[in-house]
Amino acid sequence: MAKNSANGEHQATKKPPPTPSPLRFSKFFQPNMRILVTGGAGFIGSHLVDKLMENEKNEVIVADNYFTGSKDNLKKWIGHPRFELIRHDVTEPLLVEVDQIYHLACPASPIFYKYNPVKTIKTNVIGTLNMLGLAKRVGARILLTSTSEVYGDPLVHPQPESYWGNVNPIGVRSCYDEGKRVAETLMFDYHRQHGIEIRIARIFNTYGPRMNIDDGRVVSNFIAQALRDEPLTVQLPGTQTRSFCYVSDMVDGLIRLMEGEHTGPINIGNPGEFTMIELAETVKELINPNIEIKMVENTPDDPSQRKPVITKAKELLGWEPKVKLRDGLPLMEEDFRLRLGVSKKE
Ligand SMILES: NC(=O)c1ccc[n+]([C@@H]2O[C@H](COP(=O)([O-])OP(=O)(O)OC[C@H]3O[C@@H](n4cnc5c(N)ncnc54)[C@H](O)[C@@H]3O)[C@@H](O)[C@H]2O)c1
Ligand SMILES: O=c1ccn([C@@H]2O[C@H](COP(=O)(O)OP(=O)(O)O[C@H]3OC[C@@H](O)[C@H](O)[C@H]3O)[C@@H](O)[C@H]2O)c(=O)[nH]1
């Protein structure tokens, strides 16, 4: 709320968040927690929902516009009394009574976030504003899934949270990386100005079952190509690096961050770093030794290196990843084989 001081200037005053709505206590079923997951029909979101639903005292609401997500990812929960699925675009306000908000809604694959960049930036900025407005109205704690892309093409390696990044503000990736940077800013401004409880996770490349087969990201591309007997398309120069985190580790990190006492930002990722050529060779060795590796053109502003410093996650959340790339890839292969209808050759 703004008030006038003696010299007529507007000053911001801090007020505590409101107590939860009385509606919360008038229901037949009394959940300990009602949790909203935006983007819950997507890859990470649906795994997060699975984990949250394991707790019988949780009620989970998913809001998703199905741009890159699908009801199929949530099919085991549809009709469950503690679960609700709403077709909703976060660029529009949402009125629900919840205690926690995991705000994931945003396309994550570069192919999809570049498809309609204006919509991507609206999702990041207006979508995050709407979810913060909701958090403020109902006094909910809100977690934003930010990204390692806030570090841009990093000049510091590996990347600690204190690094401010090297981001092109007018490039083809800016709708996503600058969008997430503004989303982080909004989170901290609502926290400082309105006392909202915030959590920010900076997620590094995550992979696992349920990624869209034609998602366009590197791990899903390579596994689908290996199973279809197509060449693995390594984008030039092939020496660029990424650090890949298995989705169950990611979900565990996100829940620890939400439940813990620290706002973040905190990097959540697996520090095991690989070049794209090394990743292709690993997929070839594990899934289909007969395929070719083909070098293809890259896209503009592709970050040349990426690896998280996870000291904060270890010390503040007691979290570190458990699944190594060589163990995670076969789990994803199994899921892709089922969906593509390709059985293992004996
Ligand atoms: N997977 C990764 O490697 C990675 C890395 C860094 C950050 N993240 C972040 O994690 C979150 C989830 O990523 P993911 O890999 O599961 O991606 P995903 O594309 O599978 O899931 C995103 C979900 O958000 C939904 N969505 C998109 N725009 C929306 C809108 N305007 N309103 C409502 N729903 C909308 C999609 O339909 C989809 O279900 C994203 O915020 C992403 O930026 C992911
Ligand atoms: O077929 C392919 C696809 C991609 N690549 C390369 O693989 C690397 C990773 O590319 P991806 O498209 O999987 O993902 P990026 O690392 O560029 O962005 C990712 O990281 C941060 C998240 O926020 C984003 O959600 C995610 O898209 C890039 O260097 C790209 O050039 C290939 O070599 N071949």
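Modeller: The shell around ligand 2 divides into seven nonpolar, ten polar and six charged residues. Here Ala, Val, Leu, Ile, Met, Phe, Trp, Tyr, Cys and Pro count as nonpolar, Asp, Glu, Lys and Arg as charged, and the others, Gly among them, as polar.

Colleague: What are the ground rules for this model?

Modeller: This is a predicted model, where local features need pLDDT of at least 70, side-chain atom pairs count only at pLDDT 80 or more, and totals for chains, interfaces and linings use all residues. Residues are numbered from 1 along each chain as its sequence is written, chains are lettered from A and ligands numbered from 1 in the order in which they are written, and side-chain values use heavy atoms, with hydrogens and water left out.

Colleague: Back to ligand 2. How many residues surround it, and which are the closest?

Modeller: Ligand 2 has 23 residues around it, and A108, T147, T233, Q235 and R242 are the closest. A residue is near if one of its heavy atoms lies within 4 Å of the molecule.

Colleague: Which backbone atom sits 2.8 Å from an oxygen atom of ligand 2?

Modeller: A polar backbone atom of V218. On the side-chain side, a polar atom of N221 is 2.8 Å from an oxygen atom of ligand 2. For Q240, a polar side-chain atom lies 3.1 Å from an oxygen atom of the ligand. A polar contact here is a pair of N or O atoms within 3.5 Å.

Colleague: How much of ligand 2 does the protein bury?

Modeller: The protein buries 94% of the 660 Å² that ligand 2 exposes when taken alone. Accessible areas come from the Shrake-Rupley method with a 1.4 Å probe. Helix 5 (218-227) and strand 10 (232-235) are the elements giving two or more residues to the shell of ligand 2. Helices (H or I, at least four residues) and strands (E, at least two) are DSSP runs, numbered from the N terminus.

Colleague: Now ligand 1. Which residues come nearest?

Modeller: I44, D64, T68, L104 and Y176, out of 30 residues around ligand 1. By class, that shell holds 13 nonpolar, twelve polar and five charged residues.

Colleague: Which side chains have polar atoms by a nitrogen atom of ligand 1?

Modeller: T123, at 3.1 Å from a nitrogen atom, and R217, at 2.8 Å from a nitrogen atom. T68 has a polar side-chain atom 2.6 Å from an oxygen atom of ligand 1. The protein covers 97% of the 820 Å² of accessible area that ligand 1 has on its own.

Colleague: Which elements give two or more residues to that shell?

Modeller: Helix 1 (43-53), helix 3 (117-138), strand 7 (141-147) and helix 4 (174-194). Strand 7 gives the most, with three residues.

Colleague: What does UniProt say about residues 36-330?

Modeller: The unreviewed UniProt entry annotates them as "domain: NAD(P)-binding". UniProt positions are in the numbering used here, feature names are shortened, and annotations may be inferred rather than shown by experiment. The span is 36% helix and 18% strand, and its end C-alpha atoms lie 31 Å apart.

Colleague: Switching to backbone. Where are the cis peptide bonds?

Modeller: One joins L236 and P237, with omega about 5°. P237 is in the loop between strand 10 and strand 11 (241-243). Another cis bond joins G264 and P265, again with omega about 5°. P265 is in the loop between helix 6 (247-259) and strand 13 (266-268).

Colleague: And why flag R210?

Modeller: R210 has a positive phi of about 80° although it is not a glycine. Most residues other than glycine have a negative phi. R210 sits in the loop between strand 9 (206-207) and helix 5.

Methods. A polar contact is a pair of N or O atoms within 3.5 Å; within protein, one must be able to donate a hydrogen and the other to accept it, and residues adjacent in sequence count only if both atoms are side-chain atoms.
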